[in-house]
Amino acid sequence: MSAQGDRAAGLAAALDAVRGRISRAVTGTGRRPDEVTLVAVTKFFPAADVAHLAALGVTQVGESRDQEAGPKVTELGADLRERLTVHFIGQLQTNKANRVTRYADVVQSVDRDRLVTALDRGAALALEAGERHTPLDVTLQVDLDQGEERGRGGALPEDVPALADQVAATEHLRLRGLMAVAPRGLDDQGTRAAFDRLAALSERMRADHPEAGWLSMGMSGDLEHAVAAGATHLRVGSAILGSRPSHQ
Ligand SMILES: *Cc1c(COP(=O)(O)O)cnc(C)c1O
């Protein structure tokens, strides 16, 4: 087989394994399989891998670094781009907000008021320039770390209601839900408890914003806990694509 053929076969096997894990996790929770959306996190991997995954039925991809994601999305070509939903999931500097609104369908990592303002303005410019045709979907990233290790991105839980109201009041952003990364160093019980905290926060937010039902949580190592806690979006990278050059 060619190198590309090998890669396609490897991705197919890994994707199958992840889909199996998800369906086993869903079984027994009383949830429906179609309530859980797989976002394949392709950061550090080439556009060719995105094309292989799309051929295997993947429709949602996640990227976390603007300098890599912009050119990669362009390289996909219009046909493939049309069929994909691109999620930006990384920490985002305000001065990159304009760029991201040109190629992302969703920004999951919204965590502060200045970023909301910058994304709303960026989306307005992109709409005006014909570079996008729909409002930008956003989720609020929440910091679930109750210890000292803050600073990996994410709003504090107590700041979520005001941030949600701010997004809902914009013209060009659409509030879709919440996102979080489980804090490092927790055991299974601690991870599950962290995801349960996000689910509870989501339920409270939906009292005011019923349209914002997405719950993006769970990655390669902890997707079962996330599904059990009610995740609607899983962001899975290394379990599908292999290990990355540096752990991010
Ligand atoms: C890289 C990344 C992921 C995927 O992590 P894996 O452990 O490789 O599945 C998910 N979410 C965010 C925010 C990421 O940066």
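Predicted model: local features only at pLDDT ≥ 70, side-chain atom pairs only at ≥ 80, totals over all residues.
1. **Strands 1 and 8.** Strand 1 covers residues 37-41. Strand 1 and strand 8 run parallel, and four bridges join them. Within this pair, A40 stands opposite V236 in strand 8.

2. **The two sides of strand 8.** Strand 8 spans residues 233-236. Which residues point one way, and which the other? H233 and R235 share one direction, while L234 and V236 take the other. All four are buried. In a regular strand, side chains alternate between the two faces of the sheet.

3. **Strands 2, 3 and 4.** Strand 2 (residues 60-63) pairs with strand 3 (residues 85-88) in the parallel sense, over four bridges. Look for V61, which stands opposite V86 in strand 3. Strand 3 also pairs with strand 4, again in the parallel sense, over two bridges. There, F88 stands opposite V107 in strand 4.

4. **Trp214.** W214 lies in strand 7, residues 214-216. Is W214 buried or exposed? The cut-off for buried is under 20% relative accessible area. W214 has 18%, so W214 is buried. Setting aside neighbours within four places in sequence, its contacts include H87, V106, D137, T139 and R176. H233 is also in contact with W214. These two residues are 19 residues apart in sequence, yet 7.0 Å apart in space, C-alpha to C-alpha. H233 belongs to strand 8, described in point 2.

5. **Helix 7.** This helix runs over residues 160-168. Its buried residues are V160, L163, A164 and V167. An α-helix has 3.6 residues a turn, so residues three or four places apart point the same way. What covers these buried residues? The cover includes strand 4 (106-110), strand 5 (136-141) and strand 6 (173-179). Helix 6 (113-128) and helix 8 (188-208) are also part of it.

6. **The ligand site.** How many residues surround the ligand? There are twelve, and the closest are K43, S220, G237, S238 and R244. Three of these have polar atoms to check. A polar side-chain atom of S220 lies 2.5 Å from a ligand oxygen atom. For G237, a polar backbone atom is 2.8 Å from an oxygen atom of the ligand. For R244, a side-chain N or O atom is 2.7 Å from a ligand oxygen. On its own, the ligand has 390 Å² of accessible area, and the protein covers 90% of this.

Note on methods:
Residues numbered from 1 in each chain as written. Heavy atoms only, no water. Buried < 20%, exposed > 50% of the residue type's maximum accessible area, 1.4 Å probe, protein only. Pairing = 2+ DSSP bridges. Contact = heavy atoms within 4.5 Å. Near = heavy atom within 4 Å. Polar contact = N/O pair within 3.5 Å; in protein donor to acceptor, adjacent residues only side chain to side chain. Areas by Shrake-Rupley, 256 points an atom, 1.4 Å probe, with all protein chains shown as cover.
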